[in-house]
Amino acid sequence: MPNVPPWMWMAFWATVLVLLAVDLLAHRGRHGESHRAAIVWSGVWIATGLLFDVLIWRVLGARAAQEYLAAYFIEKSLSLDNVFVFLVIFRSLTIPTRAQHQVLFLGIFGALVFRALFIFLGAAAMERWGWVSYVFGGILLFTAWRVLRENPTEQSDNKAVRWLAKRLPVTHELHGKSFIVKLANGRRVATPLLLALLGLELTDIVFAVDSVPAAFAITDQTFVLYSSNAFAILGLRALYLVLAGTVGKLRYLHYGLAGVLAFAGLKMVLEPWLHVPPLTSVAIIVALITAAVWASQRARRREARAQGTSQPDAPREREA
């Protein structure tokens, strides 16, 4: 793979910073965001990520573009787990919609920093010690087993938030958009917004331990790894607003996520003997997530039909 010219890094960061600035200014002073606007913003982020892949293809070649696409899809699918966490944290802390944008914006900005740290350290470790790839593969397989057993739709609170609430002085009331307030007795305490932000950051660090090795299963090129990671998580705020009302009902989605993690782990462990092309990886990832969503929707429709047929009999049973 050809070396990445410095101007590519500059173009990447310029694109990210401009879009972040536009996103911040577009939502300044708003008290919420419509579902339609969230869909538009989600489309903008996805289109930008895919258009950047065209630039990679023109400059670095077809192989780099295919690896970017596969890494982007694997990170985008695993980011659905983050949406579950956002939903649980905001519901448990009763964060209103008008205040969620600020928390999500800062949380995603922090995730960009932590993902960079994980990726550059991971790349350096894999370059120096080849056996690290087997460690990453083992982590992914273990995480796949854990995700398979734990259904995130059944979680009512977040462990990181619960841990922070026991160790920080916290007020249970919101004070506008402030993260720290000073009480009448002069004591400074954290608001639920700060608790939500710290909970998001801690949880994302835990998720990065899973998702970053999954991207390493696709490519070891640092620029491809980080740019695909960044564009996948940049649209998380809009994706959350789009899926907040439905993602909790996708009861089988965690099976698809477990399948993606298991595939990435096996790919990393078996790479010396079995090579899976990037486009084949994209097809497998899309098939796993699509199958999980389809099964969830089918189960919901089946239950709705069962409830619909049982309702007319209910009055007669009560009369009897």
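The protein has 12 helices and two strands, where helices (H or I, at least four residues) and strands (E, at least two) are DSSP runs numbered from the N terminus. This is a predicted model, in which local features need pLDDT of at least 70 and side-chain atom pairs count only at pLDDT 80 or more, while totals for chains, interfaces and linings use all residues. Residues are numbered from 1 along each chain as its sequence is written, and side-chain values use heavy atoms, with hydrogens and water left out.

Let us start with the overall layout. Read from the N terminus, the elements follow the order α-α-α-α-α-α-β-β-α-α-α-α-α-α. The C-alpha trace spans about 75 × 60 × 35 Å along its principal axes. For 320 residues, a compact globule would have a radius of gyration near 20 Å, and the protein's 22 Å agrees with that. This radius is taken over C-alpha atoms, and the globule rule is 2.2 Å times the number of residues to the power 0.38.

How confident is the predictor? The average pLDDT (the predictor's confidence in each residue, from 0 to 100) is 82, and 90% of the residues score at least 70.

Now to the helix pairs. Axes are lines fitted to C-alpha atoms, for helices over the stretch in contact, and angles run from 0 to 180 degrees between N-to-C directions.

| Helix pair | Axis distance | Angle |
|---|---|---|
| H5 (residues 132–149) and H10 (residues 253–270) | within 8 Å | roughly 160 degrees |
| H3 (residues 62–92) and H4 (residues 97–128) | within 13 Å | roughly 140 degrees |
| H2 (residues 35–60) and H9 (residues 236–243) | 8 Å | about 140 degrees |

Angles under 35 degrees count as roughly parallel, over 145 as roughly antiparallel, 65 to 115 as roughly perpendicular and the rest as oblique. H5 and H10 are therefore roughly antiparallel to each other, and H5 passes H10 in a left-handed crossing. A crossing is left-handed if the near helix is turned anticlockwise from the far one by less than a right angle, and right-handed if clockwise. Residues of H5 including Phe136, Leu140 and Val147 meet residues of H10 including Leu257, Leu261 and Met268. By class, this contact has 16 nonpolar, five polar and no charged residues. Here Ala, Val, Leu, Ile, Met, Phe, Trp, Tyr, Cys and Pro count as nonpolar, Asp, Glu, Lys and Arg as charged, and the others, Gly among them, as polar.

H3 and H4, by their angle, are oblique to each other, and their crossing is right-handed. Glu75, Asn82, Phe86 and Phe90 in H3 meet Gln100, Val103, Leu104 and Arg115 in H4. Four of these residues are nonpolar, two polar and two charged.

H2 and H9 are likewise oblique to each other, with H2 passing H9 in a left-handed crossing. On the H2 side the contact includes Trp41 and Trp45, and on the H9 side Arg237 and Leu241. The residues of this contact divide into eight nonpolar, two polar and one charged.

How values were computed. Contact means heavy atoms within 4.5 Å.
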